[in-house]
Amino acid sequence: MSEPLSQRPSQAGSGVVRTNVVDAVADSLRREILSGRYAPGQYLPSARELAERYDVTRTSLKHALMRLVESGLLEIRHGVGTLVLDYERQGGLDLLPMLVAANAPAWARSIFEVRAEVGALIAVRAARNATDAQRQRLAALAARLRDATDADAAQLAECDWHRELARATGNRVYPLLMNVVLDTYLRQRHALRGPFLDPVAAADRLEPLAKAVEEGAAAEVVHARAAKYLEETGRMMIESMGGAR
């Protein structure tokens, strides 16, 4: 049974919505759904029971439930109850960080597969469309990776390189997709530092791809180098995750 969300006096009857309370209720229910405690097709306990369990007002509970409705986890059926949906069919990308936290190795593999496939397409498009200024920024970020003083700095520099690469495509959707992938795995980055423990070696791995993009190499060359780099680093991160558990 869930514990009360805080030791504060009960909010019962206050009608006040506190953002941190709504966040906590939404996070707790999201974890319970993603862990399988509440299965697709099942109804949540009544609003009264949930409010009592979490020691929150009905108003705060309603706001928390609406967040999960917006994520595709729940459907509120008035007069019936709150139905748990199949998140793999109806959920949104905002669920990825929670899914990785709940079942890290399995979801990390899927995320790195997407990173490799989408990342290769992004690299090809960036090599073709990047401006001179963007190529210079990519070169500077690759140099920042090489000069990083520790794994954390190297990892963040490499992420910034990928964000700049996505912007260099000229397509405004690619940076948003890259943000989702990077922000998801950065939440677990303490367990994914394997490729960045030696910043110079990390820079050496990136260099063939970085040079191909900066020089505007042929699409097949860029794609092959991107696929090799992304698959190799993804494998290393998954292996380091296993070692950190």
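Not counting residues up to four places away in sequence, which residues does E164 touch? The residues are Q134, R137, L138 and L141. The model in which these contacts are found is a predicted one.

E164 is found in helix α8. With a relative accessibility of 4%, E164 counts as buried, since the cut-off for buried is under 20% relative accessible area. One of the residues that E164 touches, R137, is also its partner in a salt bridge, where the closest N and O atoms are 3.1 Å apart. R137 lies in helix α7 (residues 132–146) and E164 in helix α8 (residues 151–167), so this pair ties together parts that are 27 residues apart in sequence. The side chains of E164 and R137 are also joined by a polar contact of 3.1 Å.

**The chain as a whole**

The protein has 245 residues, and buried residues make up 45% of them. It contains eleven helices and two strands. Along the sequence these elements follow the pattern α-α-α-β-β-α-α-α-α-α-α-α-α. Among contacts between residues at least 6 apart in sequence, 68% join residues at least 24 apart. The protein exposes about 12,600 Å², and carbon and sulfur atoms supply 50% of this area.

**Salt bridges**

Side chains of opposite charge can pair when their charged atoms come close. In this protein the count of salt bridges comes to 16. The table lists three of them.

| Pair | Closest N to O | Relative accessible area |
|---|---|---|
| E49 and R53 | 3.7 Å | E49 41%, R53 8% |

How far apart in helix α2 are E49 and R53? They are four residues apart in this helix (residues 47–54), which means that about one helical turn separates them. An α-helix has 3.6 residues a turn, so residues three or four places apart point the same way. E49 is partly exposed, while R53 counts as buried. The pair also belongs to a network of salt bridges that links E32, R37, E49 and R53.

**M98 in helix α5**

M98 lies in helix α5 and, at 18% relative accessibility, counts as buried. Leaving aside neighbours within four places in sequence, M98 is in contact with D27, R30, R31 and L34. M98 and T184 are 86 residues apart along the chain, and their C-alpha atoms are separated by 8.5 Å.

**A nonpolar patch**

L93 is found in the loop between α4 (87–90) and α5 (96–102). Together with V173 and L177, L93 makes a nonpolar surface patch of about 250 Å². L93 counts as partly exposed because its relative accessibility is 49%, and the cut-off for exposed is over 50%.

**Helix α10**

Where does the kink in helix α10 lie? The kink, of about 45°, lies at E207, shortly before the proline P208, and the helix covers residues 199–214. At the start of α10, a side-chain oxygen of D198 reaches to within 3.1 Å of the backbone nitrogen of V200. The buried residues of this helix are P199, A202, A203, L206, L209, A210, A212, V213 and E214. Just after α10, G216 takes a positive phi of about 65°.

Definitions and conventions:
Residues are numbered from 1 along each chain as its sequence is written. This is a predicted model: local features need pLDDT of at least 70, side-chain atom pairs count only at pLDDT 80 or more; totals for chains, interfaces and linings use all residues. Side-chain values use heavy atoms; hydrogens and water are left out. The bend at a residue is the angle between axes fitted to the seven residues ending there and the seven starting there. Buried means under 20% relative accessible area, exposed over 50%, partly exposed in between (1.4 Å probe, protein chains only). A polar contact is a pair of N or O atoms within 3.5 Å; within protein, one must be able to donate a hydrogen and the other to accept it, and residues adjacent in sequence count only if both atoms are side-chain atoms. Contact means heavy atoms within 4.5 Å. Accessible areas come from the Shrake-Rupley method with a 1.4 Å probe; for residues, only the protein chains shown count as cover. Patches are made of residues with over 30% relative accessible area and no salt bridge: like charges are joined within 9 Å, nonpolar side chains (Val, Leu, Ile, Met, Phe, Trp, Tyr) within 5 Å. A salt bridge is a side-chain nitrogen of Lys or Arg within 4 Å of a carboxyl oxygen of Asp or Glu.
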